[in-house]
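The sequence and the model are shown below.

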Amino acid sequence: LVATPIKLYGVEGRYATALYSAATKEKKLDVVEKEVNKFKALLQTDTKLADFIKNPTYQRQAKLAAMKKIAESQKYSNITSNFLQLLSEEGRLPKTGSILGAFEKMMRAHRGELTCVVTTAKPLDASSQKELRAALGGFAQSGQMQIEMKVDPEIQGGMIVDIGDKYIDMSIASKMKKYTQLLQETI
């Protein structure tokens, strides 16, 4: 396998890494990325295809034949075509969206783009967002950083920062959980 710009874990990470590695070895990374984006767009516009992929009642062979047909009609490269067929054979088509999302994350890291997801209990005002952007700017050495703001009242306060392959949980909910566990432990 080729060294990847970031390490991704789980089923999605393994398949995304395999696709990245195969495309890099064949020097077709840009071609494969365009085809993957094209396929993602196809899944978003064609609801019948999206339902077909997610439906576990269809046989793997039927899904394999469908992926071959789509790859031929869209004129995908061998790498993308083989990848879609592999997902069909291994029964991983229902995870296609998250696998392609992981590949997209890997490609952003390859280009030096850094994506940061910040989750807070309530929306931040403009000045707080500006301070946060300045503080997070130090993580992006050379590339660009995209900051996505999310609101989740469940975290009760503080924030959760997911930047690149790092996860920093500074939420009140996680601190309360930790303190509760400490109090419940036998001394």
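## Second largest pocket

In this predicted model, the second largest pocket has a lining of eleven residues, and those nearest its centre are Lys105, Thr115, Val117, Glu148 and Asp162. Two or more lining residues come from each of helix 6 (96–110), strand 1 (114–120), strand 2 (145–151) and strand 3 (159–163). The volume of this pocket is about 200 Å³. By residue type, its lining divides into five charged, three polar and three nonpolar residues.

Lys63 is part of helix 4 (residues 60–73). Is Lys63 buried or exposed, and which side chain of opposite charge is nearest? Lys63 is buried and has no salt bridge; Asp51 is the nearest side chain of opposite charge, 11 Å away. A salt bridge would need a side-chain nitrogen within 4 Å of a carboxyl oxygen. Leaving aside residues up to four places away in sequence, Lys63 touches Phe52, Ile53, Asn55, Pro56, Tyr58, Ser88 and Leu93.

Lys28 sits in the loop that links helix 1 (10–25) and helix 2 (29–45). Lys28 counts as partly exposed because its relative accessibility is 35%, and the partly exposed class runs between under 20% for buried and over 50% for exposed.

Notes. Residues numbered from 1 in each chain as written. Predicted model: local features only at pLDDT ≥ 70, side-chain atom pairs only at ≥ 80, totals over all residues. Heavy atoms only, no water. 1 Å grid on protein atoms, 1.4 Å probe; cavity = no way out; pocket = protein on both sides within 12 Å on 5 of 7 lines; lining within 4 Å. Points joined across faces, edges and corners; volume = space filled by probe spheres on them. Helix = DSSP H or I, 4+ residues; strand = E, 2+ residues; numbered from the N terminus. Nonpolar A, V, L, I, M, F, W, Y, C, P; charged D, E, K, R; others polar. Buried < 20%, exposed > 50% of the residue type's maximum accessible area, 1.4 Å probe, protein only. Lys, Arg positive; Asp, Glu negative; His and termini not counted. Contact = heavy atoms within 4.5 Å.
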